[in-house]
Amino acid sequence: MELWKIHKFCTTASLNQLYDIEKKLERLSRLQHTTNADKALEIVKEYIELKKLFDEG
C-alpha cells in the first residue's frame, strides 16, 4: 500500500480503527520484515498519539 493512502485513512479513522490497523501491521511487520510495513506502522502509531492528545472522544 502506498504511504499516502495510510495518511489519508488515518486522518479520518477513529481511534479504535487505528488500534485495529496497528495490530494488523505489527503482525505483518513481524512476518514479512518489510520496510513499507514498518513505515506504515510508524505512521499509524503517530496518528494514534495525535488522536489521543487532541481528540478526547
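Analyst: Glu49 and Lys52 stand 3 residues apart in helix α3, so about one helical turn separates them. Helices here are DSSP runs of type H or I with at least four residues, strands are E runs of at least two, and both are numbered from the N terminus. The model is predicted, so that local features need pLDDT of at least 70 and side-chain atom pairs count only at pLDDT 80 or more, while totals for chains, interfaces and linings use all residues. Residues are numbered from 1 along each chain as its sequence is written, and side-chain values use heavy atoms, with hydrogens and water left out.

Glu49 and Lys52 form a salt bridge, with their closest N and O atoms 3.3 Å apart. The term denotes a side-chain nitrogen of Lys or Arg within 4 Å of a carboxyl oxygen of Asp or Glu. Side chains of opposite charge can pair when their charged atoms come close. Glu49 is partly exposed at 43% relative accessibility, as is Lys52 at 42%.

The whole structure contains 3 salt bridges. Another of them pairs Lys39 with Glu42, whose closest N and O atoms are 3.6 Å apart. Both residues belong to helix α3 and are 3 residues apart, about one turn of the helix. Lys39 is partly exposed, at 36% relative accessible area, and Glu42 is partly exposed at 39%.

Lys45 forms a salt bridge with Glu26, and here the closest N and O atoms are 3.7 Å apart. Because Lys45 lies in helix α3 (residues 35–54) and Glu26 in helix α2 (residues 15–32), this pair ties together parts that are 19 residues apart in sequence. Lys45 has a relative accessible area of 35% and is partly exposed; Glu26 is also partly exposed, at 26%.

The largest nonpolar core has 11 residues, among them Ile6, Leu25, Ala40, Leu41, Val44 and Ile48. Such a core is a set of buried Ala, Val, Leu, Ile, Met, Phe, Trp, Tyr and Cys residues joined through side-chain atoms within 4.5 Å. Helices α1 (3–12), α2 and α3 each give two or more residues to this core, and α3 gives the most, with 6 residues. In soluble globular proteins, nonpolar side chains tend to be buried together.

Leu41, in helix α3, is buried with a relative accessible area of 11%. Leaving aside residues up to four places away in sequence, Leu41 touches Glu22, Leu25 and Glu26, where contact means heavy atoms within 4.5 Å.

Leu50, Leu53 and Phe54 form a nonpolar patch with about 360 Å² of accessible area together. Leu50 lies in helix α3 and is partly exposed, at 43% relative accessible area. Patches consist of residues with over 30% relative accessible area and no salt bridge, like charges being joined within 9 Å and nonpolar side chains (Val, Leu, Ile, Met, Phe, Trp, Tyr) within 5 Å. Accessible areas come from the Shrake-Rupley method with a 1.4 Å probe, and for residues only the protein chains shown count as cover.

Key
Buried means under 20% relative accessible area, exposed over 50%, partly exposed in between (1.4 Å probe, protein chains only).
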